[in-house]
Amino acid sequence: MELAAPMPFGRFFGRAARERELPGFRLAQFVPNLPNREVAPHRHDEAHFVFILRGCYETNAEPTPDATAPRIVYSPPGTSHRDCFTAGTDLSRAAFATLSISPLALAEAERESKLPAKGVCMGESAVPLVRQLLVESAGRDDLASCIAEGLCFELLERIAVCTVGRFTGEPTWLRRARELLRDSCLDVAPRSVGEIAAALGVHPVHLARRFRQTFGLSPGQYLRRCRLERARRLMRRSSAALAEIAAAAGFADQSHFSNAFRREYGVSPGAFRRT
């Protein structure tokens, strides 16, 4: 029997419309370019997620063969399959994204949790996390990669059987993590989640999980909130131009600052200043 041909890391049957490299991960958004019947059986030597954004997708990851958007499919390393959009799907309107996981990142995650050995279709509860990941991956500010990396670890944690269980309270290292992030929020090159975890002597998956459990947001999101709070204080105390305040708060430019401010507080910086 002929073996399925291996696909290079991060490659899938489709035209890549956008790609983003992250530490240990590669995120890409694709437009399908092959009819269903032309997708050949193939193998992925690395673990990966497929996010079905538009269209109906056939997968052998669970007993139900069709996955209608939005759906999230995880495939472990060495998966051989012929997953593709169904014959009745209008490929001109279909779209999907993928998250490829390097062997090193997967090994790091498995030190903390046990990942499934078979394909998994994730439930609707993970859809907001994926949408946030896609939004952050398109960001150009210096925190986008840090936030997206943390969301990748959270996504892996969602499919894992945790070996350390859930904890209550706030350990000393978690308080140190928050202080470290607050003190470094204006750094030109913010640390990655992996670097922060290494400085604290904890696992990146553990850091991402505990930080969100305790504070309700990821380490990268906390960094961005610290910058926004600094900008708010500056707007109250200073009449400087918004572009100057954006730079003083660590944002790349006024546009990034205004977009982040509106998402966080529901109003533009100009409207906030007027009130």
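**Close-up views of salt bridges and helix contacts**

**View 1. E19 and R11 are joined by a side-chain salt bridge.** The N to O distance is 2.2 Å. A salt bridge here is a side-chain nitrogen of Lys or Arg within 4 Å of a carboxyl oxygen of Asp or Glu. By this rule the count comes to seven salt bridges. The model is predicted: local features need pLDDT of at least 70, side-chain atom pairs count only at pLDDT 80 or more, and totals for chains, interfaces and linings use all residues. Residues are numbered from 1 along each chain as its sequence is written, and side-chain values use heavy atoms, with hydrogens and water left out. E19 is partly exposed, at 43% relative accessible area. R11 is partly exposed too, at 29%. For relative accessible area, buried means under 20%, exposed over 50%, and partly exposed in between (1.4 Å probe, protein chains only).

**View 2. A salt bridge pairs E136 with R224.** Their side chains meet at 2.8 Å, N to O. The pair links distant parts of the chain, 88 residues apart: E136 sits in helix α2 (residues 127-137) and R224 in helix α7 (residues 219-237). Helices are DSSP runs of H or I with at least four residues, numbered from the N terminus. E136 is buried, with a relative accessible area of 9%. R224 also counts as buried, at 9%.

**View 3. R212 forms a salt bridge with E154.** The closest N and O atoms are 2.4 Å apart. R212 belongs to helix α6 (residues 204-215) and E154 to helix α3 (residues 144-159), so the pair ties together parts 58 residues apart in sequence. R212 is partly exposed, at 23% relative accessible area. E154 counts as buried, at 7%.

**View 4. Helix α7 crosses helix α9 (residues 254-265) at roughly 95°.** The two axes come within 11 Å. Axes are lines fitted to C-alpha atoms, for helices over the stretch in contact; angles run from 0 to 180 degrees between N-to-C directions. α7 and α9 are therefore roughly perpendicular to each other. Angles under 35 degrees count as roughly parallel, over 145 as roughly antiparallel, 65 to 115 as roughly perpendicular and the rest as oblique. On the α7 side, R224, R225, L228, E229, A231, R232 and M235 make the contact. On the α9 side, F257, A260, F261, R263, E264 and Y265 do. Contact means heavy atoms within 4.5 Å. These residues divide into seven nonpolar, no polar and six charged. Ala, Val, Leu, Ile, Met, Phe, Trp, Tyr, Cys and Pro count as nonpolar, Asp, Glu, Lys and Arg as charged, and the others, Gly among them, as polar.

**View 5. Helix α4 (residues 172-183) packs on helix α5 (residues 193-200) at about 130°.** Their axes are 10 Å apart. The angle makes α4 oblique to α5. The crossing is right-handed, where right-handed means that the near helix is turned clockwise from the far one by less than a right angle, and left-handed anticlockwise. W173, R176, A177, L180 and L181 of α4 meet I196, A199 and L200 of α5. The contact residues comprise seven nonpolar, no polar and one charged.

**View 6. R273 lies in helix α10 (residues 269-274).** R273 counts as partly exposed, at 32% relative accessibility. Leaving aside neighbours within four places in sequence, R273 is in contact with M235, S238, S239, A240, L242 and I245. The C-alpha atoms of R273 and R18 are separated by 36 Å. Along the chain, R273 and R18 are 255 residues apart.

Note on methods
Helices (H or I, at least four residues) and strands (E, at least two) are DSSP runs, numbered from the N terminus.
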